[in-house]
Amino acid sequence: MKILCVLYDDPTDGMPESYPVNTLPRLEKYPDGMSLPNPKAIDFTPGELLGSVSGELGLRKFLEENGHTLVVTSDKDTKGCVADKELVDTDIVISQPFWPYYLTRERIESAKKLKMAITAGIGSDHVDLQAAIDNKVDVVEVTYCNSRSVSEHIVMMILAMVRDYHNQHKIVNDGGWHIADAVKRSYDVEGMNVGTIAAGRIGYDVLRKMYPFDVHLHYNDRHRLPIEKEKELNLTYHETVESLVSVCDVINISCPLHSETENLFDEELISKCKKGAYVINTARGKIVNREAMAAALESGHISGYAGDVWFPQPAPNDHIWRKMPNHGMTPHTSGTSLSAQSRYAAGVREILECFFDGNPIRNEYIIVQNGDLAGMGAHSYSKGSATGGSEEAANFKK
Ligand code: NAD
């Protein structure tokens with residue numbers, strides 16, 4: 001079979017020859033008891049860079065020894081790109097959300113042999129799920145592999161934004177020492193109302209990690225949590241997103257992007273947010289209206305916006321979020337720490353082993369199967385497509 005793997009570019013100064021940390025901590029299982037990826041073997045050293053082109057997710061030896069062809073490229077957006085040329089006779093596509101190969105309907109329909117799209121990570125909105133359903137292309141992701149990497153990042157961003165870390169760090173880098181400049185936007189998180197839109201694997205872990213900061217915790221989700229989980233963290237459940245945003249000082253977004261959540265934070269919902277709120281979004285850029293959020297930061301209605309997700313990706317060089325005031329944006333990195341990469345590389349290998357051996361892929365990994373949402377897809381997504389406008393990614397110039 002032919003496997004097309006679309007990964008981000010290697011570091012500009014080449015692949016690392018050494019790493020800051022020698023060994024990764026060993027995790028036994030995820031908090032709900034789910035086991036970590038468990039392929040029969042791996043051909044990489046955990047902690048090394050696997051998500052860039054030369055890292056190849058550690059798959060080449062395994063695939064070639066089993067008679068398959070592996071094509072790896074980062075060239076994914078322009079007309080006539082390598083990924084598009086290779087796609088036409090590909091059986092399986094692997095792509096990471098950090099550098100998504102947007103599998104639009106047009107692309108899916110050009111790939112007559114395509115059987116499966118694997119997300120090396122979590123969040124399969126870069127695949128037109130409706131087109132995958134219609135064309136019986138299965139979609140799977142490595143559920144849980146980087147959920148806790150992201151929740152760590154969210155906690156970091158909540159603290160950084162509320163305490164105004166970026167401004168203070170810049171003062172030091174600029175050679176300054178002006179304390180009043182450094183603290184005029186700096187607060188304690190303690191006592192604040194902190195809420196999350198979606199309390200799935202990431203959202204719930206954010207609530208759990210924020211609990212010791214002595215804040216009031218809120219959530220909204222289309223599936224209400226069991227009462228014991230609400231009691232454990234003293235959570236306030238909100239039936240609607242509007243209700244949550246009207247009372248929270250910090251609003252975290254952790255729902256998948258699908259037809260229900262696209263453009264959820266539009267001008268109207270942003271206007272209902274508590275004046276001065278901070279918004280953190282590591283879910284997907286398209287959940288938040290680009291212009292409306294930039295305007296809310298300009299006016300001061302929103303005090304700060306941080307996250308790592310943009311639409312499209314890579315974000316065009318003139319994307320308005322690069323220059324808006326009081327933002328703490330990074331490129332899409334929270335789920336691709338070196339720790340996370342080792343888990344999703346192993347998870348992709350587990351999925352491929354199951355597929356080639358004719359064994360069932362774990363239900364938790366399934367988004368679309370046999371022409372319908374299934375597994376996690378049925379729980380967390382809706383039918384439809386969220387890939388519209390992705391061609392703008394071709395505007396990014398390195
Ligand atoms: P999950 O499936 O465990 O949780 C998703 C939750 O969203 C579920 O509880 C579901 O009920 C809820 N939900 C779905 N639609 C909703 C709606 N309309 N309103 C309210 N709640 C809704 O997934 P997870 O591991 O927590 O990941 C969530 C999302 O985070 C992913 O889909 C992905 O988009 C994003 N993510 C980003 C990164 C990153 O690197 N920035 C990494 C992993 C995941």
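What volume does the largest cavity have? In this predicted model, the largest cavity has a volume of about 80 Å³, where a cavity is defined on a 1 Å grid over the protein atoms alone as a set of points where a 1.4 Å probe fits but cannot get out, and a volume is the space filled by probe spheres set on the points, which are joined across faces, edges and corners. Because the model is predicted, local features need pLDDT of at least 70 and side-chain atom pairs count only at pLDDT 80 or more, while totals for chains, interfaces and linings use all residues. Residues are numbered from 1 along each chain as its sequence is written, and side-chain values use heavy atoms, with hydrogens and water left out.

The domain assignment of the chain, whose bounds come from an automatic or database assignment, gives domain 1 (2-145 + 336-395) and domain 2 (147-322). The centres of domain 1 and domain 2, taken over C-alpha atoms, are separated by 27 Å, and 33 residues of domain 1 are in contact with 21 residues of domain 2, contact meaning heavy atoms within 4.5 Å.

A search of the whole structure finds two cavities of 30 Å³ or more. Lining residues being those with an atom within 4 Å of a point, the largest cavity is lined by Pro97, Pro100, Tyr102, Gly123, Asp125, His126, Leu257, Arg284, Trp310, Phe311 and Gln313. This lining comprises six nonpolar, three polar and two charged residues, with Ala, Val, Leu, Ile, Met, Phe, Trp, Tyr, Cys and Pro counted as nonpolar, Asp, Glu, Lys and Arg as charged, and the others, Gly among them, as polar. Both domain 1 and domain 2 give residues to the lining, so the largest cavity lies between them.

The second largest cavity, with a volume of about 30 Å³, has a lining that includes Asp125, Val127, Leu129, Leu257, His258 and Ser382. Its lining residues divide into four nonpolar, five polar and one charged, and, because domain 1 and domain 2 both contribute to them, the second largest cavity also lies between the domains.

Pockets were treated separately, a pocket being an open set of points with protein on both sides within 12 Å along at least five of seven lines. The second largest pocket has a volume of about 830 Å³ and is lined by 31 residues, of which Pro25, Leu27, Leu36, Ser339 and Arg343 lie nearest its centre. By class, 15 of the lining residues are nonpolar, nine polar and seven charged; domain 1 and domain 2 each supply at least three residues of this lining, and helices H5 and H13 (338-357) each supply at least two.

Helices (H or I, at least four residues) and strands (E, at least two) are DSSP runs, numbered from the N terminus. Helix H8 (residues 201-210) is largely enclosed by the rest of the structure, because seven of its ten residues are buried, that is, under 20% relative accessible area with a 1.4 Å probe and protein chains only, against over 50% for exposed and in between for partly exposed. The buried residues of H8 are Ile202, Gly203, Tyr204, Asp205, Val206, Leu207 and Met210, and the elements covering them include helix H5 (147-163), strand S7 (216-220) and helix H9 (227-232).

The search for disulfides, pairs of cysteine sulfur atoms within 2.5 Å, finds zero in the whole structure. The sulfur of Cys5 is 14 Å from the closest cysteine sulfur, in Cys145, too far for a bond, and Cys5 counts as buried at 0% relative accessibility. For Cys273, the closest cysteine sulfur, in Cys248, is 9.4 Å away, too far for a bond, and Cys273 counts as buried at 3% relative accessibility.
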